[in-house]
Amino acid sequence: MIRKWFVAVSAAVFPLITAVYFAGRSVTAEANSAPPYWEGTDASGAIVKGEACPVVVEKEVLTLNIGSLPRQGKLELDSYYAEAIAEYSFYNPTDLDVDMTLLFPFGEFPSYVSEVAGDEVSAVSVDGVETECNVRHTYARDGRYSFDVDRDMSRVLEEKKSDTFYREDMPVTEYRLDIQAQEKDFAMKLKLSFNAKKTRVLFPPELGARLSISGGDMYAYTRFDEYEEKRAVFYAVGEPLDAVVPKLYDDKEDRELGASYTSQNREMTFSQFAMSDWSEDTGVSETDWYNAFVDMLNERSGVGGSVDCFSLTSGDLMRWYEYDMSIPAKGRATNRVRAPLYPTVEGNKNPRYEYSYLLSPAGKWADFKGIEICINTPFYLSNGSLDFERRENEEGRGFSYVYTRDALPQGELTFVLTEKDAADSDFNVFGKDFFHPSLTWAFVTLTVLAVVAAVVTVVVVVSLRKKK
């Protein structure tokens, strides 16, 4: 009978204890169910442009000084202090002088920085002397994008690229369709007939088009809301379209709507089309912008090579320092590069500031003999990809997180900073914030219910025993 009583009580209490556990997790997570998410950038090590280079890195000293963190909203660069300083000790073991061009990628503009080249300061020196440095740009922003040394470095070109489809002199036809509809809210289905080997159809993001193919023809589907201008604009690169047949539908009742259309076409070259949003104010060269535009179209191409959402801004571009340096035969040189650092920001109570620094490009050197990484910050570090040793700063303010190895570590450097200690983070379910008011209330309530259920179970078991 004792065993049956124990089973009965367990059956009542265990689900409630389980509920307490998951209630605790859900209460904590609820505050971050839709946290702000600001995209940060990757910084990286220097890369030699061109063929294999015999130069050896005897040591790299990487210092990350992070004195302040981005706040919600637009970031003022003059009040923000976070930088990466990479200092390389190079050795040329050959009997020949080495002249080389180096590329140092330092990320895209994050979403919380105004697209102004205010942080692109000349920050490269060789043997203590500042050297001339160009800022180059390549396409980077895409939902599937991740940095690849060989692919991204090959995008830094001195001339406009020769693409397998897109050419500077290729004709582009702009189609502008004004719609006079009988309804306020409706959907439009465009039937587009063309030769996919000779034409690409491009839709701007504001049209929100979705592409599909049926019966050898392409269809573009888009919705129009009450407050939108009833106009559809899209482009054909290459030969003009054979036919454009628009139809309007009421999605709710699945019926075709009556409408009248006014069409207007405009022609230009692909070079004019690609450069239509470029200006000197972007801080990007004409060559880099054109090449980035072509790479963007190729990466976003979908049905039949066409693109249902093309858009390029200076915020979509990876930025690179490009500079030259020479090392004499059997000689040594020191190269110092400074680059801005921007984290990805998640959370609102105790936000997480996620930093990334790419170490893998250093594997391109002939040899890499040692690295020292030091993160100086008044904030707390957690989730580091490397084993850092925390030390108190000499002034007693903040910390230095140090990592030293005699070889290049595997993988990339990633870590998280928080303003509070990690144990006090709202991301730690059973940290110091476990007894959150809502969680405490849930815990007490469910505990009382568990006790009541246990008492009721005991009473029932005893009553049944007496009856027997």
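**Reading contacts, burial and strand pairing**

Q: Which residues does Gly305 touch, not counting residues up to four places away in sequence?

A: With residues up to four places away in sequence left out, Gly305 touches Tyr166 and Arg200, where contact means heavy atoms within 4.5 Å. This is a predicted model, in which local features need pLDDT of at least 70 and side-chain atom pairs count only at pLDDT 80 or more, whereas totals for chains, interfaces and linings use all residues. Residues are numbered from 1 along each chain as its sequence is written, and side-chain values use heavy atoms, with hydrogens and water left out.

Q: Where does Gly305 lie, and is Gly305 buried or exposed?

A: A residue is called buried under 20% relative accessible area, exposed over 50%, and partly exposed in between (1.4 Å probe, protein chains only). Gly305 lies in the loop between α4 and β19, and its relative accessible area of 17% makes it buried. Gly305 and Leu202 are 103 residues apart in sequence, yet 9.4 Å apart in space, C-alpha to C-alpha.

Q: How many helices and strands are there in the protein?

A: Helices (H or I, at least four residues) and strands (E, at least two) are read as DSSP runs and numbered from the N terminus. By that reading the protein has five helices and 28 strands. Of its 468 residues, 47% count as buried, and residues 24 or more positions apart account for 80% of the contacts with a separation of 6 or more.

Q: What does helix α4 reach from its first C-alpha to its last?

A: The expected span of a helix is 1.5 Å times one less than its number of residues. Helix α4 (residues 286-300) has 15 residues and reaches 21 Å, close to the 21 Å expected at 1.5 Å a residue.

Q: How many residues of α4 are buried, and what do the buried residues pack against?

A: Eleven of the 15 residues are buried, so α4 is largely enclosed by the rest of the structure. Among them are Trp289, Tyr290, Phe293 and Leu297, but also Asp288 and Glu299. These buried residues of α4 pack against β9 (134-139), β12 (199-202), α3 (270-274) and β19 (317-327). On the α3 side, Ser271 lies in that helix and touches Lys160, Glu168 and Tyr290, not counting residues up to four places away in sequence; Ser271 is buried, with a relative accessible area of 17%.

Q: Which residues of β12 are on each of its faces, and which strand is joined to β12?

A: Strands of a sheet pair through backbone hydrogen bonds, either parallel or antiparallel. Two strands are taken to pair if DSSP finds at least two bridges between them. In β12, Thr199 and Val201 are on one side and Arg200 and Leu202 on the other, and all are buried, which leaves both faces covered. Four bridges join β12 to strand β15 (residues 231-238), and the two run antiparallel, with Thr199 opposite Gly238 in β15.

Q: What is the order of the five strands in the open sheet, and which strands stand at the edges?

A: The five strands follow the order β13-β14-β11-β16-β17, with antiparallel pairing. At the edges stand β13 (210-214) and β17 (255-257), each with a single partner strand, so one side of each is left without a neighbour in the sheet. Within this sheet, β11 and strand β14 (residues 217-224) pair in the antiparallel sense over seven bridges, and Leu192 stands opposite Met218 in β14. Ser193 belongs to β11 (residues 186-193) and is buried at a relative accessible area of 16%; leaving aside neighbours within four places in sequence, Ser193 is in contact with Asp217, Leu241, Asp242 and Ala243.

Q: Which residues touch the most other members of the largest nonpolar core?

A: In soluble globular proteins, nonpolar side chains tend to be buried together. A nonpolar core is a set of buried Ala, Val, Leu, Ile, Met, Phe, Trp, Tyr and Cys residues joined through side-chain atoms within 4.5 Å. Of the 55 residues in the largest core, Phe90, Met100, Phe104, Tyr321, Tyr357 and Leu413 touch the most other members. Its largest share, five residues, comes from strand β5 (residues 82-91). Apart from this core lies another, of 26 residues, among them Met170, Phe273, Trp289 and Leu317.
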